[in-house]
Amino acid sequence: MIDRFDKERFEAALPVNKKTGEQLWEYAGFTGGEHVYIVPVVGTNKRIVVRSSVGRDGLSAEAGADSIRHWVEYHWKGTWRPLSKGDKSWTTRVPGWEKRMANALRK
C-alpha cells in the first residue's frame, strides 16, 4: 500500500541537527512536477538532491509514481553533476518511508 503524504509531512522527514533542531536542507523549488530539496554535504563539494514526489496540489503522487528519488551530485567547474551516471537511489513510499529515506540520506 502506497503511503500518501503532504509537503509538510515530507519536510518533517528531511534531516535536522539533532542538537539544535536546525534543518539541514534547502528548498530547491518545483521541478519535473514535484518539490525538490537539497541536502548539502558539509565540508565537501557534494550535495544530495531529493525529489519529494509531492506535486502542485501539495500531495504525493498516487500509485504509479511510488518512490522518492535521491542522488549525490558534485560541484565541478561551476556546474552540479551527478556523482556517477545511473547512480540514483529511491525510497519506496510504503509505510515507514521516513526512516528508510533518512537511512539512505545518511549513507
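Which residues does leucine 83 touch, not counting residues up to four places away in sequence? They are Lys46, Val72, Glu73 and Tyr74.

## Basis of the model

This is a predicted model, in which local features need pLDDT of at least 70, side-chain atom pairs count only at pLDDT 80 or more, and totals for chains, interfaces and linings use all residues. Residues are numbered from 1 along each chain as its sequence is written, and side-chain values use heavy atoms, with hydrogens and water left out.

## Leucine 83

Leucine 83 is found in the loop between strand 5 and strand 6 (89–92). Helices (H or I, at least four residues) and strands (E, at least two) are DSSP runs, numbered from the N terminus. The touches listed above are contacts, meaning heavy atoms within 4.5 Å.

Leucine 83 has a relative accessible area of 42%, so it is partly exposed. On this scale, buried means under 20% relative accessible area, exposed over 50%, and partly exposed in between (1.4 Å probe, protein chains only). Isoleucine 68 is 15 residues away from leucine 83 along the chain, and their C-alpha atoms are separated by 18 Å.

Glutamate 73 is found in strand 4. Its relative accessibility is 9%, so glutamate 73 counts as buried. Its side chain makes a polar contact with the side chain of arginine 47 at 2.8 Å. Another, of 3.1 Å, joins it to the side chain of tryptophan 71. A polar contact is a pair of N or O atoms within 3.5 Å; within protein, one must be able to donate a hydrogen and the other to accept it, and residues adjacent in sequence count only if both atoms are side-chain atoms. Leaving aside neighbours within four places in sequence, glutamate 73 is in contact with residues including Asn45, Val49, Trp80 and Arg81.

Strand 4 pairs with strand 5 (residues 79–82) in the antiparallel sense, over four bridges. Two strands pair if DSSP finds at least two bridges between them. Glutamate 73 stands opposite proline 82 in strand 5. The two strands form a hairpin with two residues between them. In the turn, lysine 77 has a positive phi of about 50°.

## Serine 52

Serine 52 is found in the loop between strand 3 (46–51) and strand 4 (67–76). Serine 52 counts as buried because its relative accessibility is 0%. Its side chain reaches two backbone atoms. One is the oxygen of histidine 35, at 2.8 Å. The other is the nitrogen of valine 54, at 3.0 Å. Beyond neighbours within four places in sequence, the contacts of serine 52 include Phe5, Phe10, Tyr37 and Ile68.

## The aromatic cluster

Phe5, Phe10, Trp25, Tyr27, Tyr37 and Trp97 form one aromatic cluster. Rings of Phe, Tyr and Trp (its six-membered ring) pair if their centres lie within 6.5 Å; planes under 30 degrees apart count as stacked, over 60 as edge-to-face and the rest as tilted. By this rule the count comes to six aromatic pairs. Phenylalanine 5 and phenylalanine 10 have ring centres 6.0 Å apart and planes at 20°, so the pair is stacked. Both residues are buried.

Phenylalanine 10 and tryptophan 97 are also stacked, because their ring centres are 5.9 Å apart and their planes at 10°. Phenylalanine 10 lies in helix 1 (residues 7–13) and tryptophan 97 in helix 2 (residues 97–106), so the pair ties together parts that are 87 residues apart in sequence. Tryptophan 97 is buried, as is phenylalanine 10.
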